[in-house]
Amino acid sequence: MSRTRLVALDVDGTLMSYDGVISDGVRRAVLDLVAAGVHVVLATGRGAHSAVPVALDLGLTEGWVVCSNGAVTARLDADEAAGFEITDVVTFDPGPALRAIALELPDALYAVEDLGVGFRVSSPFPAGELSGEMEVVGFDELAATPATRVVIRAPGASPEEFHAIVERVGLHEVEYAVGWTAWLDLTPGGVSKASALEAVRRRLGVEPFATAAVGDGGNDLQMLQWAARGVAMGHARDDVRAAADEVTGTIDDDGALATLRSLLP
């Protein structure tokens, strides 16, 4: 019998395919876990406005959602108009990081999360890349807005170039995660999915040994190390798979499903 009482699940590339599909098998497994008394917590880079609808779509009507790579935690609440209440927020001053990176990537697109709503952006992003409402504002206004998450998109740059820029400008006050080509996420220093999940674990009174997590991205690495059972998706990059206790199938194989089933009593 599984002793897991809290399972943290990344969304994109883990539960959900890259074209936005969650399989019926995953849906059933999530609901079976909840019925068995397991706390299912989505832990994602998505903002609350985008993460909570996924939770509701999965049938989760109560519990917790870790958003914005750990900078925001929301509690599902059907009595709230939006279906959730934001309980924890960590922000940082994005100005120094934005200005330093703008010198290196003058043609990049910049977005600062507008909590619970969408994003303020320097210029429109390609359709479908950001969710929620978009408001175009000047760069100086972006740089002056306290942020939970900053997105930087540079179509002509590779992940290797992003890493080199981060090293060169020395982003010591923020955490960063390089995503797919030309995408960089910045969050408050010391904040990660793992730090937010640890706070949720304590709230729920779950023992550390009773935790599990499944993810596929660089922003999942600390979460997989935090969990007693960390499971990386088969398509994850080498360092993410190395941080996990085990590796499951790829998103094309619906790899998360086998892990979810194994967690059922």
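1. His-49 is buried, with a relative accessible area of 15%, where under 20% counts as buried. The model in which this residue is described is a predicted one. His-49 belongs to helix H2, which spans residues 48-57.

2. Leaving aside residues up to four places away in sequence, His-49 touches Glu-113, Gly-116, Val-117, Gly-118, Phe-119, Ser-131 and Gly-132. A polar atom of the His-49 side chain lies 3.1 Å from the backbone oxygen of Ser-131.

3. Helix H2 also has a place in the strand arrangement. The chain pairs S2 with strand S3 (residues 63-67) in the parallel sense, over two bridges, and Ala-43 has Val-66 in S3 as its bridge partner. Between S2 and S3 the chain passes through H2, in a β-α-β crossover that is right-handed.

4. Strand S2 (residues 39-43) is mostly covered, as four of its five residues are buried. Strand S1 (residues 6-9) pairs with S2 in the parallel sense over four bridges, and Val-7 stands opposite Val-40 in S2. Here the chain goes from S1 to S2 through helix H1 (residues 24-35), and this β-α-β crossover is right-handed.

5. Which residues of helix H5 (residues 159-169) are buried? They are Phe-162, Ile-165 and Val-166. These residues lie on the same side of H5, because they cover an arc of only 100° around the axis. In general, an α-helix has 3.6 residues a turn, so residues three or four places apart point the same way.

6. Glu-160, Glu-167 and Arg-168 are exposed on the other side of H5. Just after H5, Gly-170 takes a positive phi of about 65°.

Terms used: Residues are numbered from 1 along each chain as its sequence is written. This is a predicted model: local features need pLDDT of at least 70, side-chain atom pairs count only at pLDDT 80 or more; totals for chains, interfaces and linings use all residues. Side-chain values use heavy atoms; hydrogens and water are left out. Buried means under 20% relative accessible area, exposed over 50%, partly exposed in between (1.4 Å probe, protein chains only). The arc is that of the directions from the helix axis to the C-beta atoms. A polar contact is a pair of N or O atoms within 3.5 Å; within protein, one must be able to donate a hydrogen and the other to accept it, and residues adjacent in sequence count only if both atoms are side-chain atoms. Contact means heavy atoms within 4.5 Å. Two strands pair if DSSP finds at least two bridges between them. A crossover is right-handed if, with the strands pointing away from the viewer, the path from the first strand over the helix to the second runs clockwise.
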